[in-house]
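Please look over the model shown here.

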Amino acid sequence: MNTNRIEQDGQALPLMPDPVTLEVFRHLFSALTEEMGAALRRAAYSPNIKERRDYSCALFDAHGVPVAMGDHMPVHLGAMPRSVTAALEALGPLAPGDVAMLNDPFRGGTHLPDVTLVAPVHLDGTAVGHPPDGSADGEALPDPAVPLAYVAARAHHSDVGGMAPGSMPLAREIVQEGVRIPPVRLYRRGELNADLLLLLLANVRTPEERLGDLDAQRAALNTGSARLRELAAARGAARVRHAMAELVAYADRLMAAGLARIPDGVYAAEDHLEDDGFGSGPVPIRASLTLRGSDLTVDFAGSSPQVPGGVNAVAAITESATRYVIRTLVQDLLGVDVPAGGGSLAAVRILLPEASVVNARPPASVAAGNVETSQRITDVLYRAFRQALPDRVPALSQGTMNNTTAGGVDPRTGRPFAYYETVGGGMGGGPGGPGLSGVHCHMSNSLNTPVEALEHAYPFLVTEYSLRRGSGGAGRHPGGEGIRRDLRLLTDATVTLLSERRTVGPAGAAGGHPGAPGRNVLLRADGGEEILPGKVTFEARAGDVVSVRSPGGGGWGTPPSTTLP
């Protein structure tokens, strides 16, 4: 290979693929990750994965750099590069048939229920290519032991042990939240590490469901590996490797071009989490943006030190939220779809204070950092960017995932159950139109569990599932409405709620009004009614109704006047 061309099948290929070829590869890689997700969803056991689609799949190059990501969960995808890096650093290059597993938030994970599997994609010594000129014989690989790429699948498991069913408890340290898995080999050269699996399944409440979901994740890896091998056989491994590198570079160029369109300056904003469940609150999050041309520094100095409760976010979460906000703004500014993979933070420097709520250190509890603090970091960054782009940044969305977990013994089967769900709410109105109602926003991209699936899987009865009319903030473009979801428990259960925006609703923008705050209510079987805190674990009785009422989104723009002349 020289500096201007690469060789494949005896043919000289241009170093820089033409735009059409690059776009074809971008869609091929994206389709691969989407098919991985479809395989995971079809094979999964738990409603949280099968119905809510609380999973993410991605393709990485041989160095662990993200190339393509499915249209899955932003909070997963932005953090997944750290998981792949952690696996490679801990275990070295993975051999054919190896599958790495991890969930440790301090070594590449996010929170303990998110279990990530990583596998290498190796070729068998030759990759048969079929260039457009019809020449074919295979391209010899420099070293068959070097993987062509890596595939990864992350899924939120409904229980990974810990002090409360659902593994999202009000905890003071991470050991209370569940089983903590450093990067380890679940499979070694195709052989299952049965002792490791037995140890894991012995420490969860629903082992059969966990086993089924892990098998579904492995099916996703197998699907992605097979598709990439097919692609290498059809187009040649050299072309595939080169297209990966060019897509990474292309994403970086787009990101730099988009940042250059934002006015230079220093923009600061802050917001806060209402509490941590143990009396610490409000918990401030601050960010300062310094933009010079296409170079951006994001400094979270002034954010709260880590707190006793689980709203602490690890660095991977803060990076994920930052990646998400910048990518959405750049896409809007350029009017093009920025590839989800690539080193899209290459032009961004992130400064994180040590042992803080945005960069937690062991033994901090972190269960809500992934789901709640990620949303607040997003809100703070949008507030800061709004100062530079007032006509492009929307009002705040619901700003919470309204996490609901419950567990006990299912009277229909006599076996333990563990339920986990996030509940949609109102999206903020924006310059282009009103916010959507009853949807998952920003760092969550999951669905609301269908009533039929929920009642089939768990001892629940859904007594109300409706939009909270009037909860969206007024504005020229109003915010979306929140949701009311009432679950009647048909058995005694331990219930945990982790939610935010229960005191003050999401702010409007450009003169728009705030959305209504959310509310958690326990309707007792004896007729009593109790307003619950935003973060709480309690024992519920059969017949009790847990009512989660999510916030509406903020409105954008001054509302039309209703005053008669």
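The report below takes these topics in turn.

## Ground rules

This is a predicted model: local features need pLDDT of at least 70, side-chain atom pairs count only at pLDDT 80 or more, and totals for chains, interfaces and linings use all residues. Residues are numbered from 1 along each chain as its sequence is written, and side-chain values use heavy atoms, with hydrogens and water left out.

Helices (H or I, at least four residues) and strands (E, at least two) are DSSP runs, numbered from the N terminus. Buried means under 20% relative accessible area, exposed means over 50%, and partly exposed lies in between (1.4 Å probe, protein chains only). Contact, or touching, means heavy atoms within 4.5 Å.

## Salt bridges across the chain

Side chains of opposite charge can pair when their charged atoms come close. The term salt bridge is used here for a side-chain nitrogen of Lys or Arg within 4 Å of a carboxyl oxygen of Asp or Glu. The whole structure holds 30 of them.

One joins Glu-35 and Arg-227, with the closest N and O atoms 2.9 Å apart. This pair links distant parts of the chain. Glu-35 sits in helix H1 (residues 19-43) and Arg-227 in helix H5 (residues 207-235), 192 residues apart. Glu-35 is partly exposed, at 29% relative accessible area. Arg-227 is also partly exposed, at 30%.

Lys-535 and Asp-275 form another salt bridge, at 3.7 Å from N to O. They are 260 residues apart. Lys-535 belongs to strand S23 (residues 535-540), while Asp-275 lies in the loop between strand S12 (265-273) and strand S13 (283-292). Lys-535 is buried, with a relative accessible area of 4%. Asp-275 is partly exposed, at 22%.

Arg-376 and Asp-379 meet in a salt bridge as well, at 2.8 Å from N to O. Both are buried. They lie three residues apart in helix H8 (residues 367-388), so about one helical turn separates them.

Asn-312 is in the loop between strand S14 (295-299) and helix H7 (315-334). It is buried, with a relative accessible area of 0%. What does the side chain of Asn-312 reach at 2.9 Å? It reaches the backbone oxygen of Ser-365. A polar atom of the Asn-312 side chain also lies 2.8 Å from the backbone nitrogen of Val-307. Both are polar contacts: N or O atoms within 3.5 Å, one able to donate a hydrogen and the other to accept it, where residues adjacent in sequence count only if both atoms are side-chain atoms. Leaving out residues up to four places away in sequence, Asn-312 touches several others, among them Val-357, Ala-360 and Gly-369.

Glu-481 is in the loop between strand S18 (460-468) and strand S19 (482-489). It is buried yet has no salt bridge. The nearest side chain of opposite charge is Arg-469, 4.8 Å away. For charge, Lys and Arg count as positive and Asp and Glu as negative; His and the chain ends are not counted. The Glu-481 side chain does reach the backbone nitrogen of Gly-470, at 3.2 Å. Beyond four places in sequence, its contacts include Gly-425, Leu-436, Ser-471 and Gly-552.

## Nonpolar cores

In soluble globular proteins, nonpolar side chains tend to be buried together. A nonpolar core is a set of buried Ala, Val, Leu, Ile, Met, Phe, Trp, Tyr and Cys residues joined through side-chain atoms within 4.5 Å. The largest has 110 residues. H7 gives the most to this core, with 11 residues.

Phe-29, Leu-59 and Leu-228 have the most contacts inside the largest core. Leu-59 touches both Phe-29 and Leu-228. A second, separate core has 21 residues, including Val-462, Ile-483, Leu-497 and Val-536.

Strands pair if DSSP finds at least two bridges between them. S14 pairs with S13 in the antiparallel sense, over five bridges. Ser-288 stands opposite Asp-299 there. The two strands form a hairpin with two residues between them, and Gly-293 in the turn has a positive phi of about 65°. S14 also pairs with strand S15 (residues 348-351), in the parallel sense over four bridges. Here Val-298 has Ile-350 as its bridge partner.
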